[in-house]
Amino acid sequence: MLAEHIAAQEAREPEERLTHISTVLRYPPPQPTGERVDKQLRLRLPPGTVERARAVSLKLPGQHQRAYKDYQARLLTDAVVTAIAVQEPFTDEVLDGLLPVLRHQAALGLWQLVIAATSSYQELRLQDAADHIRARPGPHPAEDERALLIVEALDTDVAWHSRVRFDVALRLATENLRGESAEAFEEMLFSQRTDWAEERLERRFSREAGEWFDGVAHASINGRGATAVWRAQRKVELPDFELWLRKLPVDHPGGRRVIRPPGWSIGVPAEWSAKTLLRGGPLPEPFSQWAAAGQVLVLPLDGRRCVWPLHGENQLPVAGAEPLVAAAAAAARKTGGLVPFVESMLIEWGTTLTSDDFLDGEQDFDGDDPRDEVGDEAEMTEARRRWAEFDARYDAPQLWLPVDQAFDAGLVDNDLRHRAKELAWRENLDRPHRRRTGEALLVAPVVTPDPRICLFVPRTGKERLTKAMWQWEGGSVAAAIAAQAPADVVRCLVDAAVWTTGWTLQRTMHQVWRAVFR
């Protein structure tokens, strides 16, 4: 039965594929404790069947195959349940009377109505601004284009999920996907013409009056909305960073850019550049030889390939970058791709940014000053005030190395190592070793009398064991390579930069969440 379902799905156009209503409603919902409320079904399937089933199943905007609770896509479950429902429809007290099977585009159309009805005030503010931008004749300035891309990401890739949204989805389905008009409403969701667009606008504005939260489980949506905006801004920022990195001239004196969010400074050593190659075909020489020897990375950029890092006018491999290149493949799985990995290698750790740094930090190499795009003095003052607030909210990130690794790399002596480990041991005596229910996932580092030592509580399952860390004061990993640091030191810095980047991003997003409730 599942094999027949997969074959039928593969024969349909992507928007015409079928999904069960329980997938759209995430029913039954997961328990807050994470415990299962259903019976797990074990399947023995031929090799490749699971991958094919997942490829033709519904994934709602913002969901991922491996994610936390509400954000996890039920791809294989959707395939099995839809296959059963097509052959033999089933129901229960919640799903009774609902249209059991929807086309993928109709399901996504329903979800867009849910997003409109449950947007936080942060999202609504951006959506209203986007409406004003679209109403103005083009072409639009770069910041306006960026705002439009952020709103698009909020509706698709980074949409937030929680029980409240699935409750609203159930209410919408109950009111519109039952009875004689159910198929007509499904067709409206699928076609997404003027009537659907008007329905979407109505849901967005009616939410202000609280209409769509009558009878819905109480939950604060503003924290999730704020972090979704943060993720959307970062998703839009990374392609801009890729383009900037690719356009650096071979003889530049050193490039600098501020990545927002989270607001850290990126520094490219002098004369480090990238070579962009046309898409398709084998990698030409000598780049293929350098890549095979582990001297350069090949980054996928907009369908093209970008070879990095290269040095000088002749664009030869950067000497000493081999440890960075060797760690890239494994590290990219942690950072979410090669481009975020490159970002972590270029972060100027310990740099304290100001509003002037931000305005100066995006100067390109055509000689244009971003102040020319800001406008009059009043707008300049507003920009400075905004980024002064940003500087006050977020601490400048530091690069912290585990003291054992720093000792093995020859960066600290045995005396400092023992003092740091004793501080961690004493801290562990007073701290529960397991995370308690309701305790924050991210714990603030513990400051010690020695400013070079900090005690971190890594986010590893439910464990809460303190680790002693030592502060690196040498800037970015790329700067250490440019200064001809030993290979052992570079390897240690690469590992620490990947970990610290992920930890800082998580902590910054957590700060965004907490700031909503202050």
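**Exercises on strand pairing, a helix and nonpolar cores**

Strands E11 and E12 (residues 467-472) pair in the antiparallel sense over four bridges; strands are DSSP runs of at least two residues, helices (H or I) of at least four, numbered from the N terminus, and two strands pair if DSSP finds at least two bridges between them. This is a predicted model, in which local features need pLDDT of at least 70, side-chain atom pairs count only at pLDDT 80 or more, and totals for chains, interfaces and linings use all residues. Residues are numbered from 1 along each chain as its sequence is written, and side-chain values use heavy atoms, without hydrogens and water.

**Exercise 1.** Compare the span of helix H6 (residues 121-135) with the expected value, and identify what covers its buried residues.

*Solution.* 
- Step 1: The expected span is 1.5 Å times one less than the number of residues. For the 15 residues of H6, 21 Å is expected, and the helix reaches 21 Å from its first C-alpha to its last.
- Step 2: The buried residues of H6 are Gln-122, Glu-123, Leu-124, Gln-127, Ala-130 and Ile-133.
- Step 3: Their cover includes helices H7 (142-155), H8 (163-176), H10 (194-206) and H11 (222-247).

**Exercise 2.** Characterise the largest nonpolar core.

*Solution.* 
- Step 1: Such a core is a set of buried Ala, Val, Leu, Ile, Met, Phe, Trp, Tyr and Cys residues joined through side-chain atoms within 4.5 Å. The largest has 61 residues, and Trp-308 and Phe-341 have the most contacts inside it.
- Step 2: Helix H21 (residues 487-515) gives the most to this core, with eleven residues.
- Step 3: Leaving aside neighbours within four places in sequence, Phe-341 is in contact (heavy atoms within 4.5 Å) with residues including Leu-297, Leu-324, Val-494 and Val-498.

Notes
Buried means under 20% relative accessible area, exposed over 50%, partly exposed in between (1.4 Å probe, protein chains only).
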